[in-house]
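Please look through the structure below alongside these notes, which take up a few points in turn. Each point is meant to be checked against the model as you read.

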Amino acid sequence: MGLTGTTLDDNRLSYSLRQSHSDGNGGNSSSLYSSYHAPMADLNAGYYYDNDSQQTSYGISGGIVVHNHGITLSQPLGESFALVDANGASGARIRNIPGIKTDWRGYAIVPYLTAYNENLIALDTTTLPADVDSNNTSETVVPNKGAMVKVHFDARTGSRLLIKLVAESGTPIPFGATAVSEDQTLENIVDDGGMLYLSGAKSGEKLRLHVKWGTAASQQCWANFYVAPTDAPILTGTSQCI
C-alpha cells in the first residue's frame, strides 16, 4: 500500500509513503521519502524501517554558477542551463519549473534545458511583487550542448502610473504620441484619450516627460507629473503638456 503526490502551489514538494505487511516471515515495513525543490538546491530526506532494522537518509544537491555579476546558487544544472536576469526584481518565479525564483539581486538559474531545441522561459507574472512590472515576460532560447545561455527580462521596480496628457487647449494628446522621461529611463506610447501608462517610476520623483507626435514644434510638448507615495496599485492623474 502506498501514497505518492506533490504539494505546495508549484508542486515543489513531493512525497512517497509506503507500508507493507506480510503474514509470513517477511514481517512489516514502512518507508517515507520526500524531496523539496528550493530555489538554490534540491533537498531530500527519507526514513525506512522493518522488523529488523531502520534507516534514515538525507541529502542536498545543487549548482554554483559564477558569472559577470557575481555568484548564483541553483538546483542541479543539467547539461545546458539558463542564467535569468530580471533586472533586479527579486522573488519572481519561473513558470512551470518547481521552486525556482529570482534571488535578492534578481538572478535565477533555469536547469535542464534541451540542447539544440527551443526552450521557453517565462516569468510567472502572478508572483511579481505589486511594485514590479516587466515589458517582456517570456523568451525562447536554443542552447548548445553543455552551454549556458542568458535571458534578460526588462522588469522595473517602482510605481505604476496612468496619466492623462492634455494639451494647453484641454484636448487629449493624440493617440500614438511617444512619451519619454527626461532621463530616458521611462518610455511608452500614448493610448486613446491621451492616456499614458508607465511603470518603474520612483516614489517621490518629479517626472518630466517629453511628448512628441510629429517633427514640428507644435507637435511636441513637455509634461510634469509628481509620483506621490501611495499604496494603490496604480497612481492616476492628469498633466498638462506645454
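1. Strands E19 and E20 pair in the antiparallel sense over seven bridges, where strands (E, at least two residues) and helices (H or I, at least four) are DSSP runs numbered from the N terminus, and two strands count as paired if DSSP finds at least two bridges between them. Within this pairing, Leu207 has Phe225 in E20 as its bridge partner. The model is a predicted one, in which local features need pLDDT of at least 70 and side-chain atom pairs count only at pLDDT 80 or more, while totals for chains, interfaces and linings use all residues. Residues are numbered from 1 along each chain as its sequence is written, and side-chain values use heavy atoms, with hydrogens and water left out.

2. The pair E19 and E20 belongs to an open sheet of four strands, whose order is E17-E16-E19-E20 and whose pairing is antiparallel. At the edges stand strand E17 (187–189) and E20, each of which pairs on one side only. On average, and with direction ignored, neighbouring strands of this sheet are turned by 25° against each other, the axes being lines fitted to C-alpha atoms (for helices over the stretch in contact) and angles running from 0 to 180 degrees between N-to-C directions.

3. Strand E16 (residues 178–181) can be followed to both of its partners. Towards E17, the antiparallel pairing extends over three bridges, and Thr178 stands opposite Ile189 in E17. Towards E19, there are four bridges, again with the two strands antiparallel, and here Ala179 stands opposite Val211.

4. Which members of the largest nonpolar core touch the most other members? This core has 21 residues, and the ones in question are Leu161, Leu165, Ile173, Leu196, Leu198, Leu207 and Val211. A nonpolar core is a set of buried Ala, Val, Leu, Ile, Met, Phe, Trp, Tyr and Cys residues joined through side-chain atoms within 4.5 Å; buried means under 20% relative accessible area, exposed over 50%, and partly exposed in between (1.4 Å probe, protein chains only). Strand E15 (159–166), strand E18 (195–201), strand E19 (206–212) and strand E20 (220–226) each supply at least two residues of this core. Apart from it lies another core, of 19 residues, which includes Val110, Leu113, Val149 and Val151. In soluble globular proteins, nonpolar side chains tend to be buried together.

5. If its neighbours within four places in sequence are left aside, Leu165 is in contact (heavy atoms within 4.5 Å) with Thr171, Pro172, Ile173, Val190, Gly194, Leu196, Val211, Ala223 and Ser239.

6. A further open sheet has three strands in the order E9-E8-E13, with mixed pairing. E9 and strand E13 (148–152) stand at its edges with a single partner strand each, so one side of each is left without a neighbour in the sheet. Strand E8 (residues 81–85) is joined to E9 by four bridges, and these two strands run antiparallel; in E9, the bridge partner of Leu83 is Ile109.

7. The loop between strand E9 (107–110) and strand E10 (119–122) holds Tyr116, which has a positive phi of about 65° although it is not a glycine. Tyr116 counts as exposed because its relative accessibility is 55%. Thr114 lies in the loop between E9 and E10 as well, but it counts as partly exposed, at 43% relative accessibility. Thr114 and Val142 are 28 residues apart in sequence and 8.0 Å apart in space, C-alpha to C-alpha.
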